[in-house]
Amino acid sequence: MVRYSLRRLLLAIPTLLAVLTIIFLIVRVAPGDPATAALGDYASEEAVSALRRRMGLDRPLWVQYVTFLADLLRGDLGKSLITGQPVIDQIRHVFPYTIELTLAAIVVGLLLGIPVGIVTAVRRNTIVDYLGRVVSLAGLSVPAFYLGILLIYVFAVKARLFPALGAAEFSRPGAHLHALVLPALSLGLIEAAYVTRMTRSVVLSVLNEDYVRTARAKGLPERMVLFGHALRSAMIPLVSLIGLFAISLIGGSVLTEEVFARPGLGKLMIGAMKQKDYTMLQSIMVVYAFIIVLVNLLTDLLYGIVDPRVRYD
């Protein structure tokens, strides 16, 4: 297991370096001048030149790249062009909100999707199966932002059970969790639809395997057969799906944070795009890159825990 983990960790380093290089090139080589974009088309040449020097864009590209990597190693993401404050301080403030929303949505998706997927697989071609498939198909068809608006209308405006907008401080855990319910549901219900269909498909394929029939022939309880044999064998595709969803939910939280007016990386990135804050936008992309590589690494490590045979591939 240690050798497998080290190998995956070493593979993650060049992957992260490649992603960071792409981010660097996209920002600097793409058409348009970041300094002109930040100051506007009517800014004087002197002001644009001064900002380019301040941003280091007047130096050779390879020097900018080395400086970019050196700053990242020191944890320096630069200063915002709009506020003049360190970018890392602003990201540090909103980062926990995005992570908690992503984790809460994953928990909702798993708690709803796995049991429903197992039930629909066990009761294949019954009314329960048909109903579960129709509901999951509807979940796949509804955009997260639209579902968020519906949840606000039903549970915040009409029923007045949850707050419609904003997020409470972490120092108030009760109010904080209360404000998290609707945003987590808007993302988690859609994930639950994918998890339901994946679980149903995988469990159906496993239920016909010889070792499952042997377990039943030995007289093992059906619950032990399902959870001890069938579901364990189905965990590899589920782990892969969870990893993909963790990445997509972090990116998909952008619209959800806008709909619910929650602080987060997505909302911060939209603000940086509107204000043409080049430094902030680049830094947020770097943070997203770190998260994606880390999630992929954790997913690979979970493969080795769920199925020991993966370690020797």
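Residues are numbered from 1 along each chain as its sequence is written. In this predicted model, local features need pLDDT of at least 70, side-chain atom pairs count only at pLDDT 80 or more, and totals for chains, interfaces and linings use all residues.

**Exercise 1.** Describe how α7 and α8 pack.

Solution. Start with the elements. Helices are DSSP runs (H or I, at least four residues), numbered from the N terminus. Helix α7 covers residues 144–158, and helix α8 covers residues 173–207. Next, take the geometry. Their angle is about 135 degrees, and their axes lie 9 Å apart. Angles run from 0 to 180 degrees between N-to-C directions, with axes fitted to C-alpha atoms over the stretch in contact. Now classify. Under 35 degrees is roughly parallel, over 145 roughly antiparallel, 65 to 115 roughly perpendicular, and the rest oblique. The pair α7 and α8 is therefore oblique. Finally, list contacts (heavy atoms within 4.5 Å). Among the residues of α7 are Leu-147, Leu-151 and Phe-155, and those of α8 include Leu-182, Leu-185 and Ile-190. By class, the contact of α7 with α8 has 11 nonpolar, two polar and no charged residues. Here Ala, Val, Leu, Ile, Met, Phe, Trp, Tyr, Cys and Pro count as nonpolar, Asp, Glu, Lys and Arg as charged, and the others, Gly among them, as polar.

**Exercise 2.** Describe how α6 packs with α8.

Solution. Helix α6 spans residues 127–141. The angle between α6 and α8 is about 135 degrees, and the axes are 8 Å apart. That makes α6 oblique to α8. The contact includes Asp-129 and Arg-133 of α6, and Arg-197 and Arg-200 of α8. By class, the contact of α6 with α8 has five nonpolar, three polar and four charged residues.

Definitions and conventions. Heavy atoms only, no water. Helix = DSSP H or I, 4+ residues; strand = E, 2+ residues; numbered from the N terminus.
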